[in-house]
Amino acid sequence: MCGRYTLMADSINLSWLGIRQPQVNIPSYNVAPGEQVLIIKNNEKDQPEPARVKWGLVPHWLQDFSRAQINARIETAADKPMFRDALRKRRCLILADGWYDWQKIQGRSQPWFIRPKSGGLCVFAGLWENYPVDDQLSFESCAILTSPAISAITPLTERMPVLLQQNQANDWLGKGYETVLAGQINPVETISSLSFYKVGRTVNNVSNKGQECVQKLTARN
């Protein structure tokens, strides 16, 4: 499961997607479900464009919003009514620069922060939906695709986001998405580029959005 992540940059270069204008961002060290998050999705001309949508997927038929889903398992998304239409027609990139997971230790949960060693972007594979409130008003939402965690972090968690290489992004957004699905998910070269360390429980509170959330936990703190 991926239930919190970070997007710490205040300006995001998207030239690798053919988007010339850098995306201005309000840094968050603790992005939480229900918040407006930055995604990239194809527009009506099949060109990638940034959007802000609610994290927690709401298909057009869903009546109970408490059932909105923040994650979708890549193994079963094609078969689940909640996700299958979005997987076929509405895929997106969810931009991050790290994520959190919680390790169960003697009945307590220890948060860890996982991020690229380079300090650059993570590109999560995602799904998005449009929910029509009425004839004139609608809102968009998203979910992060997850896969079984790789061996390096299985002591921490059973699941992790599906991480896309930048050169897979256009395929995922477009007609080549099945090629991405058929390929190796979270390949060795992606995994070897990750680092992870313990952080304090400040991140447990969704109202905490500052740098203290990613501060490395040491014996002194």
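Begin by selecting Y131 and F139: in this predicted model, Y131 stands opposite F139, a residue of β12. Strands β11 and β12 pair in the antiparallel sense, over seven bridges. A hairpin of five residues leads from β11 to β12.

**Around β12**

Next, select strand β13 (residues 159-161), which runs antiparallel to β12 and is joined to it by three bridges. R159 in β13 is the bridge partner of P148.

**Aromatic rings**

F65 belongs to the loop between β6 (48-55) and β7 (71-73), while F139 is in strand β12 (residues 138-148), so the pair ties together parts that are 74 residues apart in sequence. Is F65 buried, exposed or partly exposed? F65 is partly exposed, with a relative accessible area of 36%. F139 is also partly exposed, at 22% relative accessibility.

The model has 11 aromatic pairs. For a group of rings, select Y5, W55, W99 and F124, which ring pairs link into a cluster. K41 lies over the face of W128, 4.5 Å from the ring centre. The charged end of R91 is placed over the ring of Y177, at 3.8 Å from its centre.

**The nonpolar cores**

Now select I40, L93, L127, L145, L164 and W172. These are the residues with the most contacts inside the largest nonpolar core, which has 32 residues. At least two residues of this core come from each of β5 (36-42), α1 (84-89), β8 (91-96), β11 (122-132), β12, α2 (169-173) and α3 (177-182). Which element gives the most to this core? Strand β11 does, with four residues.

Another core, of 27 residues, lies apart from it; W128, A149, I153 and L156 are among its members.

Centre the view on W172 to look at one member of the largest core in detail. Leaving out residues up to four places away in sequence, W172 touches L87, R91, C92, L93, A125, G126, L127, L145, L164, Y177, V180 and L181.

**Residues in loops**

Select F83, in the loop between β7 and α1. Is F83 buried or exposed? F83 is buried, with a relative accessible area of 8%. Its contacts, not counting residues up to four places away in sequence, are L57, Q69, N71, A72, A77 and L127. Of these, Q69 is 14 residues from F83 in sequence, and the C-alpha atoms of the two are 9.2 Å apart.

For a contrasting loop residue, select I26, between β3 (23-24) and β4 (28-31). I26 is exposed, with a relative accessible area of 74%. Beyond residues up to four places away in sequence, I26 touches L7 and R52. The C-alpha atoms of I26 and S11 are 8.5 Å apart, and 15 residues separate the two in sequence.

Move to Q110 in strand β10 (residues 108-116). Q110 counts as buried, at 8% relative accessibility. Which backbone oxygen does the side chain of Q110 reach? The side chain of Q110 reaches that of V199, at 2.8 Å.

Most residues other than glycine have a negative phi. D46, in the loop between β5 and β6, has a positive phi of about 60 degrees and counts as exposed, at 55% relative accessibility. Q106 lies in the loop between β9 (98-105) and β10. The phi of Q106 is also positive, near 50 degrees, and Q106 is exposed, with a relative accessible area of 81%.

How values were computed. Residues are numbered from 1 along each chain as its sequence is written. This is a predicted model: local features need pLDDT of at least 70, side-chain atom pairs count only at pLDDT 80 or more; totals for chains, interfaces and linings use all residues. Side-chain values use heavy atoms; hydrogens and water are left out. Rings of Phe, Tyr and Trp (its six-membered ring) pair if their centres lie within 6.5 Å; planes under 30 degrees apart count as stacked, over 60 as edge-to-face and the rest as tilted. Buried means under 20% relative accessible area, exposed over 50%, partly exposed in between (1.4 Å probe, protein chains only). A charge sits over a ring if NZ of Lys or CZ of Arg is within 6 Å of the ring centre and within 35 degrees of the ring normal. A nonpolar core is a set of buried Ala, Val, Leu, Ile, Met, Phe, Trp, Tyr and Cys residues joined through side-chain atoms within 4.5 Å. Contact means heavy atoms within 4.5 Å. A polar contact is a pair of N or O atoms within 3.5 Å; within protein, one must be able to donate a hydrogen and the other to accept it, and residues adjacent in sequence count only if both atoms are side-chain atoms. Two strands pair if DSSP finds at least two bridges between them.
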